[in-house]
Amino acid sequence: MAAFLKQKGDMYRWVDFTWNPVQGKCQHDCAYCYIKRIAQRFRGDDDFGAPHLFDTPLNIRQNGAGKTVFVCSSCDLFASNIPESWIAWVIRQANKYPENTWLWNTKNPQRAVNLPRFDSRFPDYPKNSILCATIETNCWFDCMGKAPHPDQRFKGLEEWEGRKMVTIEPIMKFAISPFVERLHWIRPEQVNLGANSGNVELPEPSREDIEKLVYKLSRFTKVHLKKNLRRILPEHDLYSEGA
Ligand code: SF4
């Protein structure tokens, strides 16, 4: 059964609930994946099976009404190996609660925007939807596994006409000018920044580079700094905003 749970972790503090109707090994296979890490710790290996759909109808009780729900926080709903029929089922369930805000977080936003939504048999997203792409950097590093290249993720967000966000986590070395330009072009309503919290070594930017990035982003969008970023950027006024 896919639990509808109060959000407790540090992923997004502004999210109220998580709902994970699709679970299993995520095809993107990022080296730093925290889900793989949890599986390794509790099961002794990180292979927790092919993705599967828990198709118990969603039932949001009173305390969840009107709240923000992060869909599929432990697997990418829009990974290319997730059947379209599953995605349609998940979107239909979300549509039962149009007053909630639905956060669709993915590393494959191109698929999220190119679903056959103009086919009347396929549901459109609920009106209060936010498409959020995780884009750790505008460069490519092998630790990003089989996830789409950051260029493709930018393109997907560019095509989305509704509310959009970007999550830069775990932040990795970037080329600041083209990164900021691309983000500016997309105009996300919010950019979330976080750092690697696992034990895989990643190519991290310096404190100075992150400070510059935060400054430039703050000029055109809301910036949330996650607590795990303090390891690289210990002090910043934006931490006081509870991100
Ligand atoms: S996209 Fe997310 S869930 Fe999938 S492997 Fe990467 S970190 Fe893990």
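Buried here means under 20% relative accessible area, exposed means over 50%, and partly exposed lies in between (1.4 Å probe, protein chains only). The model is predicted, so local features need pLDDT of at least 70 and side-chain atom pairs count only at pLDDT 80 or more, while totals for chains, interfaces and linings use all residues. Residues are numbered from 1 along each chain as its sequence is written, and side-chain values use heavy atoms, with hydrogens and water left out.

**Stop 1: helix α2**

Start by selecting residues 84–95, which form helix α2; helices (H or I, at least four residues) and strands (E, at least two) are DSSP runs numbered from the N terminus. From first C-alpha to last, the 12 residues of α2 reach 16 Å, close to the 16 Å expected at 1.5 Å a residue, where the expected span is 1.5 Å times one less than the number of residues. Now colour its buried residues: Trp86, Ile87, Ala88, Trp89, Val90, Ile91, Gln93 and Ala94. Show what covers them, including β2 (17–19), β5 (68–71), β6 (101–106) and α3 (109–113).

**Stop 2: the nonpolar cores**

A nonpolar core is a set of buried Ala, Val, Leu, Ile, Met, Phe, Trp, Tyr and Cys residues joined through side-chain atoms within 4.5 Å. Which members of the largest core touch the most other members? Select Leu77, Trp102, Trp104, Ile168 and Leu193, out of 59 residues in that core. Helix α2 supplies its largest share, 7 residues. Zoom in on Ile168: leaving aside residues up to four places away in sequence, its contacts (heavy atoms within 4.5 Å) include Ile135, Glu136, Phe179, Leu193 and Leu217. Apart from this core lies another, of 7 residues, with Phe70, Ile130, Cys132 and Met165 among them.

**Stop 3**

Next, pick Cys75, buried at 7%. Its sulfur is 4.9 Å from that of Cys26, the closest cysteine sulfur, which is too far for a bond. A disulfide is a pair of cysteine sulfur atoms within 2.5 Å, and by this rule there are 0 disulfides.

**Stop 4: Gln190**

Move to Gln190 in strand β9 (residues 190–193). Is this residue buried or exposed? Gln190 is buried, with a relative accessible area of 7%. Around it, find Trp14, Met165, Thr221 and His224, which are among the residues it touches beyond four places in sequence.

**Stop 5: salt bridges**

The structure holds 13 salt bridges, each a side-chain nitrogen of Lys or Arg within 4 Å of a carboxyl oxygen of Asp or Glu. Select Lys146 and Asp29, whose side chains meet at 3.9 Å, N to O. Lys146 sits in the loop between β7 (129–134) and α4 (150–159) and Asp29 in the loop between β3 and α1 (34–43), so the pair ties together parts 117 residues apart in sequence. Lys146 is exposed at 59%, whereas Asp29 is partly exposed at 26%.

Then look at Lys107 and Glu136, which meet at 3.8 Å, N to O. Here Lys107 is buried at 10% and Glu136 is buried at 0%.

Finish with Asp151 and Arg182, bridged at 2.9 Å, N to O. Asp151 lies in helix α4 and Arg182 in helix α5 (residues 176–186), so this pair ties together parts 31 residues apart in sequence.
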